[in-house]
Amino acid sequence: MKQTVLKYGLYGLITGFIIFTIHLIVGINTFDYATNEVLGYVSIFLSLSFIYFGIKHYRDHVNSGVISLGKAILIGVLISILAGLGIAIADFIYTKFINPSFFSDYQKALIEQGKADEILEMTSTTAALFMLVLVTIIGFIISLISALILQRK
């Protein structure tokens with residue numbers, strides 16, 4: 001199980017890091033915040049697609065075509081944590097080093113849109129932790145769905 005989680009988790013981590021970094025560098029100045037948010041979720045779902053493939057690989061190539069619901073969910077959540085690390089690291093690097101004014105710029109945009117009540121005080125560290133938790137929660141949901149589809153006794 002460890003090798004499957006590491007293999008597919010690293011695929012998710014690398015994919016999440018690369019796509020999220022490209023999105024942050026290219027998209028932030030090109031698109032509005034709403035479009036960037038959608039693109040961010042697309043990068044999350046693409047990196048989490050490795051959950052399904054990791055569970056399927058474990059079932060078919062490691063565990064003789066059998067996998068329980070619990071084991072499949074565990075594999076998926078562990079993969080999602082690794083994918084979340086890739087996205088969190090990219091987010092941290094972007095907001096700490098590439099665009100340190102991101103949070104103040106975002107707050108200004110929310111105020112201009114009349115959404116001052118939606119402002120949350122964030123730092124690069126809290127934003128990265130938020131991304132890790134968010135990706136892991138979404139990963140759990142994808143793990144559950146994948147586990148229900150792929151489980152075999």
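Q: Buried means under 20% relative accessible area, exposed means over 50%, and partly exposed lies in between (1.4 Å probe, protein chains only). Which class does Asp-60 fall in?

A: Asp-60 is partly exposed, at a relative accessible area of 28%. The model is predicted, so local features need pLDDT of at least 70 and side-chain atom pairs count only at pLDDT 80 or more, while totals for chains, interfaces and linings use all residues. Residues are numbered from 1 along each chain as its sequence is written, and side-chain values use heavy atoms, with hydrogens and water left out.

Q: How many salt bridges does a search of the whole structure find?

A: A salt bridge puts a side-chain nitrogen of Lys or Arg within 4 Å of a carboxyl oxygen of Asp or Glu. The search of the whole structure gives two. Lys-56 pairs with Asp-60, with the closest N and O atoms 2.7 Å apart. Arg-59 also pairs with Asp-60, at 2.6 Å between the closest N and O atoms. Together, Lys-56, Arg-59 and Asp-60 are linked in a network of salt bridges.

Q: Where do Lys-56 and Asp-60 sit in helix α3?

A: Helices are DSSP runs (H or I, at least four residues), numbered from the N terminus. An α-helix has 3.6 residues a turn, so residues three or four places apart point the same way. Lys-56 and Asp-60 are four residues apart in helix α3 (residues 50-62), which means about one helical turn separates them. Lys-56 is partly exposed, at 31% relative accessibility. Arg-59 is buried, with a relative accessible area of 5%.

Q: Which other residues in α3 are buried?

A: The buried residues of α3 include Phe-50, Ile-51, Gly-54, Ile-55, His-57 and Tyr-58. After α3 comes Ser-64, whose phi is positive, near 55°.

Q: How many aromatic pairs are there?

A: A pair of aromatic rings is described by the distance of the centres and the angle of the planes. Rings of Phe, Tyr and Trp (its six-membered ring) pair if their centres lie within 6.5 Å; planes under 30 degrees apart are stacked, over 60 edge-to-face, and the rest tilted. The count comes to six. In one of them, the rings of Tyr-8 and Tyr-11 have centres 5.5 Å apart and planes at 80°, so the pair is edge-to-face. These two are three residues apart in helix α1 (residues 2-30), about one helical turn. Tyr-8 is buried at 11% relative accessibility. Tyr-11 is partly exposed, with a relative accessible area of 38%.

Q: What is the pair of Tyr-11 and Phe-50?

A: The ring centres of Tyr-11 and Phe-50 are 5.7 Å apart and the planes stand at 55°, so the pair is tilted. Tyr-11 lies in helix α1 and Phe-50 in helix α3, so the pair ties together parts 39 residues apart in sequence. Phe-50 is buried, at 19% relative accessibility. Ring pairs link Tyr-8, Tyr-11 and Phe-50 into a cluster.

Q: How do the axes of α3 and helix α6 cross?

A: Axes are lines fitted to C-alpha atoms, for helices over the stretch in contact, with angles from 0 to 180 degrees between N-to-C directions. The axes of α3 and helix α6 (residues 124-150) come within 9 Å and cross at roughly 40°. That makes α3 oblique to α6 (under 35 degrees is roughly parallel, over 145 roughly antiparallel, 65 to 115 roughly perpendicular, the rest oblique).
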